[in-house]
Structure formats: structure tokens, C-alpha cells
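Hello,

Here is the structure I promised to pass on. Please open it and keep it in view while you read my notes.

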Amino acid sequence: MAGERPDDEAKMAVVGAGIVGLASAVFLQRGGARVTVLDALSPGGGASFGNAGLLSVESCVPISLPGMLWQVPKWLRDPLGPLAVDWRYLVKAAPWLLAWVRAGRREKVLAASAALRALHAEGLEHYRELLGPTHFHDLVRTQGQVQVWEGDTVSREERLAHELWERHGVVSESLAPHELRQLIPEISPAVSRAAFLPKNGHTVNPRRLVESLASLLREAGGALRQERVMKLLPQAGGGFRLVTNVGDHRFAKLLIAGGAWSKQLLAPLGVRLPLETERGYHAVVKNPSFELRLPVLHKTRGFAATAMEGGLRFAGTVEIAGLDLPMKEKRAEAVLKQGRALFPSLKGDDVSIWMGYRPSLPDSLPVIDEVAAFPGLFIACGHGHTGMTAGAATGRLVSALVRGERPRIDPTPYRLARFR
Ligand SMILES: Cc1cc2nc3c(=O)[nH]c(=O)nc-3n(C[C@H](O)[C@H](O)[C@H](O)COP(=O)(O)OP(=O)(O)OC[C@H]3O[C@@H](n4cnc5c(N)ncnc54)[C@H](O)[C@@H]3O)c2cc1C
């Protein structure tokens, strides 16, 4: 492929075969582009591999909320807590952490919440369209989710979350303790409050979902290449060269969907993204002693429990430690410990653990945009805690932007220019 020219405007590369890259690639290919997806890993080998699989289409609460800063010392002191910072990385992370704190101002939270709502609300319909009925029914469940809390004190953040739910018409049913136990008999008595969100869903296997998109892309005539992109080179006459570990390719247009690594791909072009990784962990109990009927999101402890094809998956925690420091298996063990505390009767000692890199921008919103300085260069990254939920919707929006069509949702909140 070295030295070849983009023979038509339709020739497009997507860098990144995660949920965001592949959902975009399938929509683009079906819309008439000739798409090649490049990834150093096989499809779904990044953050999209090991997430909790929640398709939280009702999710409209940003991560940074007013007053949260005062909770941070308590979380950091707790070895089982939802947040950890590697002190060796603190100086590098400081600008992002400060921006994250600033994003917690009330007026910014209200704006981010509306933008999350717009991106997520039709998420399941977009997956239905993207996957088609057979894959959708095979991979996606739409019976809802349960959110739980410990203690009787309703925190300031929880009050605000409920206000945002009301503002956006989120459907939630508060569950009395006996109703919760009817639904999920195995749940710990430590849980004192619960809500059922019937419109949310989950996937039983995020990796297989991404792999199915790779198959759908090939079926539609698109291509996948397992190559690491080393540099993007905009060409004087238009188009781009992509230099990879084993190739030098030319494309008319590019989409960067490289998850947490997107920042380093774009930096040489002077495109600045305040992207940081919030590392997260999972522990899967294979052959668990019971089948969890609905996913449970433990809001007080910051993790989720989801019944998946490989077992019962506990996933969560945030670790600020960048892309290069080694994983800390203790964090995965902490997630497992929390999971076992939530389901005291759970048996099963065959456990696998994993760490992945959430691509996070401080305001909890992704960037989905064309770079003004380089027409034809598009970005879709930074989906943080809800990339699985927003994957298909992002693909829809990207495909409209690339085709120059009017998108179904207002793209303004996801613009790169908001960070200027
Ligand atoms: C513990 C945990 C739990 C989570 N739970 C949920 C959940 O329940 N629901 C939800 O909605 N979201 C959840 N998320 C978030 C979600 O997983 C991510 O937001 C989403 O997977 C991001 O997708 P992506 O395609 O942007 O990135 P990725 O899946 O990381 O894909 C990016 C790809 O780009 C490739 N790449 C990068 N640089 C290059 C290069 N130079 N050359 C070639 N390829 C490159 C990488 O190899 C990678 O495959 C969770 C995340 C974690 C860590």
C-alpha cells in the first residue's frame, strides 16, 4: 500500500478498533465511505474489552459534581475506595485534576448533563440499527439496571443526581428493601436504598459486541489492519499519510478513535486535547454460584456487577496513574472484595482480573469533531465512563459530520474548541 494515492474522496481510515472506532466505521462504510480500520490490537482489545457492559442510556450525571473535592481525601485514605492516585504521576495529572474540579461547578454540570442526555438517550436504538436484530438480541439485554446505596443519609451529590434525573425525565422507580430482595435475593443487607432504571440495558459481552462490528464492517466491504499508527502526516494537496509500524498509507479522510492514546497521536499536529486516563479494573468470578438477574451499580462504592458470558463481572474504580505505570492487581482485588461484600453468599474461586484505560476529558464529555486546522481530520474520543453506552450514538454523529449532513443531535457540546 506504500506510496499509493487516495484515488477518491471516499477513502477513509479509522485509527482505533474499540467500540467508538468500529461503530463509526460501520456507519461510515454503510454510508458510502471506503473504510480501513487500523489498530495495533485485535478488535475490542482496549478499554472496550473489560468494561462493565452497562448501556446506561439514562445516564446524564457528569463525574465531577459540586463539592466532590471534599470527598477526595476520604476516598484516597480508603484502600477499598473508588479513587486512587499514584503519587509518581500526580504532577503530570495536576492540570487535568484542576480542570476536573472546575468542571464540577453547578452551571457546567447542568450543561454537561444536557449534553450527556442528548448523546445517550437513543443509545439502544442506535445499537439496534448498527447490529441488526440477530446480533442485537444475541448481545444486548434491555431489562434495566438497579442502582444501590448504603446508609440513610442522602449526599449532596445524590440530591443533585436526582435533580438531573428529574430535569431530563429519567424513568426510575425507588425500591423498598423487600422489593430489592425479591429482585436480587443475594444482595447484602448493608444496602439500604435502591432504584430500578427500566430503560437502561447491558451487553453480555462487550468484546464480542466489538468483534461483531468488525465482522459487519468486513461484510459491508470495509477492511481491518492490525498495525500501530506511528504518525499522521497531512499532505499539502489534501489527504493524509499514515505511517504505521509496517506501512505507509494514504487516505482522503481520517478519524482518530484511539481511546486514551488519542492525545499522543494528535499532539505532533499541535492538536491539544486535555485527555487523561482514568484507569479501571475488573474481576470476573467464573462459574458463580448464582445468576445475577440484573446489573447492579453500587453508587456508594463506585463499581458495577454484571452477569456476563464469562462469569459475574465486578468492574469499576478510578486510578489516576497514566498510560505507562504498571497495573496494580491490588485494585482489582479491592473490586473483588467489594463485590463479594455486596453478595455475601457468592461462591467461586476461579477469578480473572484486568485493567483498562478509560479515555477521559475533565468535563465528562467526549470530543466528536472535525479539526478546523486540518479539514478531513475527525476525532471521536474521551468517552470516559460511558463509552460503551455512547459508542453507537457516537458512530451516528461521526458519520453525519463526515458526510456533511445535519446531525440528529446538536454537535456543539462535543466540539474541540471548548477547551481553548
Ligand atoms: C473498569 C471499566 C468499566 C467500564 N464500564 C463501562 C460501562 O459499564 N458502560 C460504559 O458505557 N462504559 C464503561 N467503561 C468505559 C468504556 O469502556 C470506554 O469509554 C470505551 O471502551 C472507550 O472506547 P474507545 O473505542 O474510545 O477506546 P478503546 O476501546 O480503548 O479503543 C481504542 C483503540 O485505539 C487503539 N490505538 C490507540 N493508539 C493507536 C495507534 N497509535 N495505532 C493503532 N491503534 C491505536 C488501541 O489499541 C485501542 O484498541 C468502563 C471502563 C472501564 C475501564
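Below are notes on the ligand site and on one helix pair.

First, a caution: this is a predicted model.

**The ligand**

Around the ligand there are 35 residues. Which come nearest? They are Asp39, Ser48, Val229, Gly384 and Thr389. For Asp39, an N or O atom of the side chain is 2.6 Å from an oxygen atom of the ligand. Thr389 uses a polar backbone atom, at 2.7 Å from a ligand oxygen. Gly384 also uses a polar backbone atom, and here the distance to a ligand oxygen is 2.8 Å.

How much of the ligand does the protein cover? On its own, the ligand has 1,000 Å² of accessible area, and the protein covers 96% of that. Several elements give two or more residues to the shell: α1, α2 (47-50), β15 (276-285), β19 (351-360) and α12 (387-403). By class, the shell holds 15 nonpolar, 16 polar and four charged residues.

**The helix pair**

Is the crossing of α1 and α6 left-handed or right-handed? It is left-handed.

On the α1 side, the contact is made by Ile19, Ala23, Val26, Phe27 and Arg30. They meet His126, Tyr127, Glu129 and Leu130 of α6. Six residues of this contact are nonpolar, one is polar and two are charged.

Best wishes

Technical notes. Residues numbered from 1 in each chain as written. Predicted model: local features only at pLDDT ≥ 70, side-chain atom pairs only at ≥ 80, totals over all residues. Heavy atoms only, no water. Left-handed = near helix turned anticlockwise from the far one by under 90°. Helix = DSSP H or I, 4+ residues; strand = E, 2+ residues; numbered from the N terminus. Contact = heavy atoms within 4.5 Å. Nonpolar A, V, L, I, M, F, W, Y, C, P; charged D, E, K, R; others polar. Near = heavy atom within 4 Å. Polar contact = N/O pair within 3.5 Å; in protein donor to acceptor, adjacent residues only side chain to side chain. Areas by Shrake-Rupley, 256 points an atom, 1.4 Å probe, with all protein chains shown as cover.
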